[in-house]
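Dear colleague,

I am handing over the structure that we talked about, together with some notes on what was found in it. Please keep the model open while you read, and look up each place as it comes.

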Amino acid sequence: MVTKAFSVSFADITNSVSFRFASKPPTASPRPCVFSLTCSAVFLLGSIWNAKSFGASGTQVGEVVFNTSLTGYQEILTDPSYAGQFLLMTNPHIGNTGVNFDDEESRQCFLAGLVIRSLSISTSNWRCVKALGDYLAERNIMGIYDVDTRAITRRLRQDGSLIGVLSTDNSKTEQELLQMAQSWDIVGVDLISGVSCMTPHEWVDKTEDEWEFRPNKGPAGEPFHVVAYDFGIKHNILRRLASYGCKITVVPSTWPASETLKIKPDGVIFSNGPGDPSAVPYAVETVKNIIGKVPVFGICMGHQLLGRALGGKTFKMKFGHHGGNHPVRNLRTGHVEISAQNHNYAVDPTTLPNEVEVTHINLNDGSCAGLAFPSQRVMSLQYHPEASPGPHDSDYAFREFVQLMMRDRKKANKSLKLVAVQALDA
């Protein structure tokens, strides 16, 4: 059954606001402050917000979004889907657990900057190896604190995602900062190519035993070979595939579909990633050329690219979904999952062919959170099944993908046996 009825009008979540900037130049000179981590900073977002800085210094422009997660700031900071964005944490106290190198979701931080209310003056965690400020400084990521994040969040909810400028340089004039904001836009920009790997490689890291909650050796015989397109893929997606017994080859975002099909994978993953899916037509074309050839699983950006490849449209949401507490209903089972999400775009299900089934909806606004096209062995989720906010509400999606590949392999084996029998009879 195809489900396309929602209780919330899509007009309520599609409004995009163009915003221009403010009128007062920064007045305070950068100065060292408490713990040698801070100096004065200015944040322009329709008005000037004076703050203290930590991490790197300089001037940066980006789109401002807020994340409602209470924990997991290091996983969030290393999510490549935040490329080009200032991340505002609504949880007021950040940095108390420091950072460690086991929780990183990618090889580096791609976000434009971090905005928080209160920076912890100390760390207390047995896994901590570094303070948050030092970590960001080493990665050239700007951060600010001692700013009213609740007021900024209200502003974003009212007006939608806005363009902000963050600067610790008092030599920058108001007009210069204004011009930076007016000349910068995140819509229509290919951000995927800047976060993807450059060459194909095999994923060999395994989940540590103490973190493995559902070890699975996979089916007997040859492990399933999955090609994972890196549009900004999170490490935990690869870890979960490995936990389900898959051999994984990670390929760049521009890797041709023909090259993928040459190696005859059992399935293909199209990963999460930053930005506008309409800005990467090459990726949509790749998805089109793989659909129907092998089982396919799209996650987040991969879900949006599948939507476009299947003939649907995507749109920019008012302020997107960013957090670890978004309720999603599985329409096939009726179960509600607590999900982790990070996206500013969504698929409009009313533009999809009738054969495509909406499998999940976001209960906050009724937006499309999952798709399936059974005859083409396609499944997708708008959220992150590899994350653990529920804690493991959505991990079944990897099992379903493995089952898709298993059915495909059994079908192929039956066809080979039939051909062999026919050859003997001849």
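Over the ring of which residue does the charged end of lysine 316 sit? The ring belongs to tyrosine 345, and the charged end of lysine 316 is 6.0 Å from its centre. A charge is taken to sit over a ring if NZ of Lys or CZ of Arg is within 6 Å of the ring centre and within 35 degrees of the ring normal.

Before going on, please note that this is a predicted model, in which local features need pLDDT of at least 70 and side-chain atom pairs count only at pLDDT 80 or more, while totals for chains, interfaces and linings use all residues. Residues are numbered from 1 along each chain as its sequence is written, and side-chain values use heavy atoms, with hydrogens and water left out.

Cavities

A cavity is found on a 1 Å grid over the protein atoms alone, as a set of points where a 1.4 Å probe fits but cannot get out, and its lining residues have an atom within 4 Å of a point. Grid points are joined across faces, edges and corners, and a volume is the space filled by probe spheres set on the points. By this rule there are two cavities of 30 Å³ or more.

The largest cavity has a volume of about 140 Å³ and is lined by 17 residues, with Ser81, Pro274, Gly275, His343 and Asn344 lying nearest its centre. Because domain 1 (31-182) and domain 2 (192-412) both give residues to this lining, the largest cavity lies between them; the domain bounds come from an automatic or database domain assignment. Helix 8 (301-309) and strand 16 (336-348) each supply at least two residues of the lining, and strand 16 gives the most, with four residues. Here helices (H or I, at least four residues) and strands (E, at least two) are DSSP runs, numbered from the N terminus. By class, the lining of the largest cavity has seven nonpolar, nine polar and one charged residues, where Ala, Val, Leu, Ile, Met, Phe, Trp, Tyr, Cys and Pro count as nonpolar, Asp, Glu, Lys and Arg as charged, and the others, Gly among them, as polar.

The second largest cavity holds about 30 Å³ of space, and the residues that line it include Ile338, His384, Gly390, Pro391 and Asp393. Its lining has six nonpolar, four polar and one charged residues. The peptide bond from glycine 390 to proline 391 is cis, with omega near 5°, and proline 391 lies in the loop between strand 19 (378-381) and helix 9.

Aromatic pairs

A pair of aromatic rings is described by the distance of the centres and the angle of the planes. Rings of Phe, Tyr and Trp (its six-membered ring) pair if their centres lie within 6.5 Å, and planes under 30 degrees apart count as stacked, over 60 as edge-to-face and the rest as tilted. The count comes to seven aromatic pairs. One of them joins phenylalanine 297 and phenylalanine 398 edge-to-face, at 5.9 Å centre to centre with 75° between the planes. Since phenylalanine 297 lies in strand 14 (residues 296-299) and phenylalanine 398 in helix 9 (residues 396-425), the pair ties together parts that are 101 residues apart in sequence. Phenylalanine 297 also forms a tilted pair with phenylalanine 401, at 5.6 Å centre to centre and 45° between the planes. Both phenylalanine 297 and phenylalanine 401 are buried, as is phenylalanine 398, where buried means under 20% relative accessible area, exposed over 50%, and partly exposed in between (1.4 Å probe, protein chains only). Elsewhere, Tyr229, Phe231 and Phe270 form one aromatic cluster.

Helix 5 and some backbone angles

Helix 5 (residues 235-243) is mostly covered, since eight of its nine residues are buried, and glycine 245, whose phi is positive, near 85°, follows this helix. Which of the two is buried, and which is partly exposed? Aspartate 146, in the loop between strand 8 (142-145) and helix 3 (149-159), is partly exposed, with a relative accessible area of 35%. Cysteine 300, in the loop between strand 14 and helix 8, is buried, with a relative accessible area of 1%.

With best wishes

Methods. On a 1 Å grid over the protein atoms alone, a cavity is a set of points where a 1.4 Å probe fits but cannot get out, and a pocket is an open set with protein on both sides within 12 Å along at least five of seven lines; lining residues have an atom within 4 Å of a point.
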